[in-house]
Each structure stands twice: as structure tokens, then as C-alpha cells.
Amino acid sequence: MNLDAMRAMLSAAGQPAYRAAQLYEWVFARGVANFSDMTNLPKTLREWLAENTRLATIDLVRVTGPDDGTRKALFRLADGKFIESVVMRDEGEGRTSLCISSQVGCAMACTFCLTGFGGYQRNLTPDEIIGQAIEARRQLLAADEPLAHVVFMGMGEPMHNLDNVIPALHLLIDAKGFGLSRRRVTGARALHQHRDRP
Ligand code: SF4
């Protein structure tokens, strides 16, 4: 849900308009894991949210690493499929980047890529895309490590899933939401082309 969708949902539930901005901040700017942590919302509203909505639509199965400065997160989707995202620590630059997936599988069939070898299965929805970033940031903040960049270089070709990638991008770069600078989000294709140059 973006802010407009939260406004509509809470308005239909008889809540004042400012509650939507509070909820939006808890979900995207602060990335809390539980409704009970949303301490400026009334208890009755937190209970209503817990009964009628979900905070996350992807389940973190495990995190592996660090391995050469990278940590991989494996997520299970609601339909039982799996995706990965990767946190990469560049010691030289002193910054941490997150590589997220945009599809389950991929139709591009790049010869060097295991995801491409497995073929395309389905597009990820905006919540499944932004959910990877929220979970990664939660873990990084717990380790006192800021998230510097997001790149769409995980599973899938984001240009093949623009209908879902673009809403996720709006959530990522919203200053009142996830708050990432738009200059710090990079599409996969440009990076692939850059990498493939001699
Ligand atoms: S576009 Fe990316 S995910 Fe898809 S096959 Fe090529 S390298 Fe793999």
C-alpha cells in the first residue's frame, strides 16, 4: 500500500486522515516488524490492523554469510516460491548496497546466470519488491550500518516488470517513506551493460 491506499483503508475504517501518515511512517520510514511497536497509534487501531492487514508479504527464511563481504537473504513468497536478495559491503568505498530481485526466475537467459537457466516463473508484486528492502534495512540498522544503495540486480529483469517495479521505486525514494535518494537506485540492465563492456 502507498499512502493514498492507506488513507482510503483507514478512512473506510472510520479513522482520521492523519493516522494514515503515522502508519505510513511506521511501515516505510521506520520499518517496524510488529503493529504493537507503532506506539503513537491507539491500541484498538493496532489490534484492528493486526486482524485485517499484514505487515509483510514475504517471509525471511534465512540469512547466509558474510562471505566476501556479502550476505544473502532467502525469502519465501506467499505461493511457496523463493527469491534472494544480497547485501554487499564495499570496504574500499565504506558503503553498503542492497541487490534486490524483481521477478521469480528470468526470461533473459544470460548464459552466465543460474536464474536465467531456470527460466521465467512470475513477476514480483510491489510489496514483494519493497519487502526485501525493508527487511535488509532492518537488519543493517540493527548492526548500526546505513543502507547506501539499492540495485535491481537480483533475480529477474526489472524492465520486464515495470508495472510493479515503478510503484516499488516510488515507495523506495519517497522522502516521507523509505527515504532513499533517487540517485542511489540503479536498474539492472544498465549495470549489466556496464559490466559486459570490455
Ligand atoms: S537479466 Fe539478470 S537475472 Fe536475468 S538471466 Fe540475465 S543476469 Fe540473470
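Predicted model: local features only at pLDDT ≥ 70, side-chain atom pairs only at ≥ 80, totals over all residues.
Let me start with a pair of helices. The axes of helix 5, residues 126-142, and helix 6, residues 162-173, come within 8 Å and cross at roughly 40°. The crossing of helix 5 over helix 6 is right-handed.

By class, the contact of helix 5 with helix 6 has nine nonpolar residues, one polar residue and no charged ones.

Next, a second pair, at the other end of the numbering. Helix 1 covers residues 3-12 and helix 2 covers residues 18-30. Their axes come within 9 Å and cross at roughly 130°. Helix 1 and helix 2 are therefore oblique to each other. Helix 1, too, passes helix 2 in a right-handed crossing. Helix 1 contributes Leu3, Met6, Arg7 and Leu10 to the contact, and helix 2 contributes Arg19, Ala20, Leu23 and Tyr24. Sorted by class, that contact has six nonpolar residues, two charged residues and no polar ones.

Now the chain as a whole. How is the protein chain divided? Where the domains touch, six residues of domain 1 are in contact with eight residues of domain 2. The side of domain 1 that touches domain 2 consists of four nonpolar residues, one polar and one charged.

On to the ligand. Around the ligand there are 11 residues, and those that come nearest are Cys106, Met108, Cys110, Cys113 and Gly116. The shell is made up of seven nonpolar, three polar and one charged residues.

Finally, two points about the backbone. Some background: most residues other than glycine have a negative phi, and most peptide bonds are trans.

Where is the cis peptide bond? It runs from Gly65 to Pro66, with omega near 5°. Pro66 belongs to strand 1, residues 58-67.

The other point is Ala109. Ala109 is not a glycine, yet its phi is positive, at about 55°. Ala109 sits in the loop between strand 5, 103-105, and helix 4, 114-118.

To recap the two helix pairs: helix 5 and helix 6 cross at roughly 40°, and helix 1 and helix 2 cross at roughly 130°. For the backbone, the places to look at are the bond from Gly65 to Pro66 and the residue Ala109.

Methods. Residues numbered from 1 in each chain as written. Axes fitted to C-alpha atoms, helices over the stretch in contact; angles between N-to-C directions. Helix = DSSP H or I, 4+ residues; strand = E, 2+ residues; numbered from the N terminus. Parallel < 35°, antiparallel > 145°, perpendicular 65-115°, else oblique. Left-handed = near helix turned anticlockwise from the far one by under 90°. Contact = placed C-beta atoms within 7 Å. Nonpolar A, V, L, I, M, F, W, Y, C, P; charged D, E, K, R; others polar. Near = placed C-beta within 6 Å.
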